[in-house]
Amino acid sequence: MPITRPLRLILLPFLVALAGCVATPVAQVPNAPPPSPEITARAEQAVDRLVAVAQRMEPQIEAECRARTTGRDCDYLLVVDDRLDEPPNAFQTTDRAGRPVIGVTLALVGEVRNADELAFVIGHEAAHHIADHIASRQRDAVIGAVFLGRAAQAQGADAHTIQQARQLGAELGSRIYSKDYELEADRLGTIITWDAGYDPLKGAAFFMRLPDPGDRVLGTHPPNALRIDVVRDTVAELRRGAGAGNLARP
């Protein structure tokens, strides 16, 4: 296969799957009318945008990963959730071999308004792996579970109550620094997006169309306005020529 880079490799089966969803919806939903030419055209444009952005972002993502980590797998894989009932969403995870995976839903691909927004979303998710946030949240969860479990045990709770305390502690622990991790990913994602030649400020505008989580205690995401401030401040530093190596954390 002539296409060997990981972000490009996954796009080929994605395009085949998406073509089936768009061109033959009757096979999935009986008696459903075929898509209009306008819808088909928008879908094709969204796919073309995803391909172009992924190919342009890939070298910057992997270069940033290699520069900021030691011994970590930087061979990213991009996957697309083609379920039509899934809302706009993006995520970062790893496969069983530890390979970093960036996932986006079809709804997100269609929701973004320009390449800058899509690039920023991909950069943000890539930053989570570079900053090792999955492992960090797992450690936070373990600490929370141990703390509340021991507290319950010290109060003479039975085994069932202790287990419930551990589960609650794990949930609370995983949320303690969640906002910080999101802001860190916003900052590093801004650098990656900038280095790939996209406009992070235009890209971060995508946040302003999402429901604002507000500044809730133990919320998983910070307020949208704060995230925009982080992006704006990081771009200002980049414009002043500050070294990207000094811009890793909010």
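User: What is the mean pLDDT of the protein, and what share of its residues reach 70 or more?
Analyst: The model is predicted. Its mean pLDDT is 78, and 75% of the residues reach 70 or more. Over residues 1-30 the pLDDT stays under 50, and over residues 243-250 it is below 50 as well. The model has 47 contacts beyond four places in sequence for residues 1-30.

User: Which elements does the protein have, and how do they run from the N terminus on?
Analyst: There are ten helices and three strands. The elements run α-α-α-β-β-β-α-α-α-α-α-α-α from the N terminus on.

User: What makes strands S1 and S2 the edges of the sheet?
Analyst: The three strands form an open sheet in the order S1-S3-S2, with mixed pairing. S1 (77-81) and S2 (90-94) each have a single partner strand, so one side of each is left without a neighbour in the sheet. From one strand to the next, the twist averages 25°.

User: How do you know that S1 pairs with S3, and in which sense?
Analyst: A pair needs at least two bridges. S1 and S3 (residues 100-105) have five bridges, in the parallel sense. Leu 77 stands opposite Val 101 in S3, and Asp 81 stands opposite Thr 105.

User: What joins S2 to S3, and in which sense do they run?
Analyst: S2 and S3 are joined by five bridges and run antiparallel. Thr 94 stands opposite Pro 100 in S3. The two strands form a hairpin with five residues between them, and Gly 98 in the turn has a positive phi of about 90°.

User: Why is Gln 92 called buried?
Analyst: Buried means under 20% relative accessible area. Gln 92 has 12%, so Gln 92 counts as buried. This residue is found in strand S2. Leaving out residues up to four places away in sequence, Gln 92 touches Val 101, Glu 125, His 128, His 129 and Ile 134.

User: What makes S3 a mostly covered strand?
Analyst: Six of its six residues are buried. Pro 100, Ile 102 and Val 104 are buried on one side, and Val 101, Gly 103 and Thr 105 on the other, which leaves both faces of S3 covered. Helix H5 (residues 115-130) lies across S2 and S3, at about 30° to S2.

User: Why are helices H6 and H8 called roughly antiparallel?
Analyst: Angles over 145 degrees count as roughly antiparallel. The axes of H6 (residues 133-154) and H8 cross at roughly 170° and come within 11 Å. H6 and H8 are therefore roughly antiparallel to each other. His 133, Ser 136, Arg 137 and Asp 140 in H6 meet Ser 178, Tyr 181, Glu 184 and Ala 185 in H8.

User: How do you know that the length of helix H10 agrees with its number of residues?
Analyst: The expected span is 1.5 Å times one less than the number of residues. For the 16 residues of H10 (residues 224-239), that should give 22 Å; the end C-alpha atoms are 23 Å apart, which agrees. Just after H10, Gly 241 takes a positive phi of about 85°.

User: Which residues of H10 are buried, and what covers them?
Analyst: Among the buried residues of H10 are Ile 228, Val 231, Val 235 and Leu 238. Their cover includes H5, helix H8 (178-195) and helix H9 (200-204).

User: What share of the protein is buried?
Analyst: Buried residues make up 42% of the 250 residues.

Technical notes. Residues are numbered from 1 along each chain as its sequence is written. This is a predicted model: local features need pLDDT of at least 70, side-chain atom pairs count only at pLDDT 80 or more; totals for chains, interfaces and linings use all residues. Side-chain values use heavy atoms; hydrogens and water are left out. Helices (H or I, at least four residues) and strands (E, at least two) are DSSP runs, numbered from the N terminus. Axes are lines fitted to C-alpha atoms, for helices over the stretch in contact, and angles run from 0 to 180 degrees between N-to-C directions. Contact means heavy atoms within 4.5 Å. pLDDT is the predictor's confidence in each residue, from 0 to 100. Buried means under 20% relative accessible area, exposed over 50%, partly exposed in between (1.4 Å probe, protein chains only). Angles under 35 degrees count as roughly parallel, over 145 as roughly antiparallel, 65 to 115 as roughly perpendicular and the rest as oblique.
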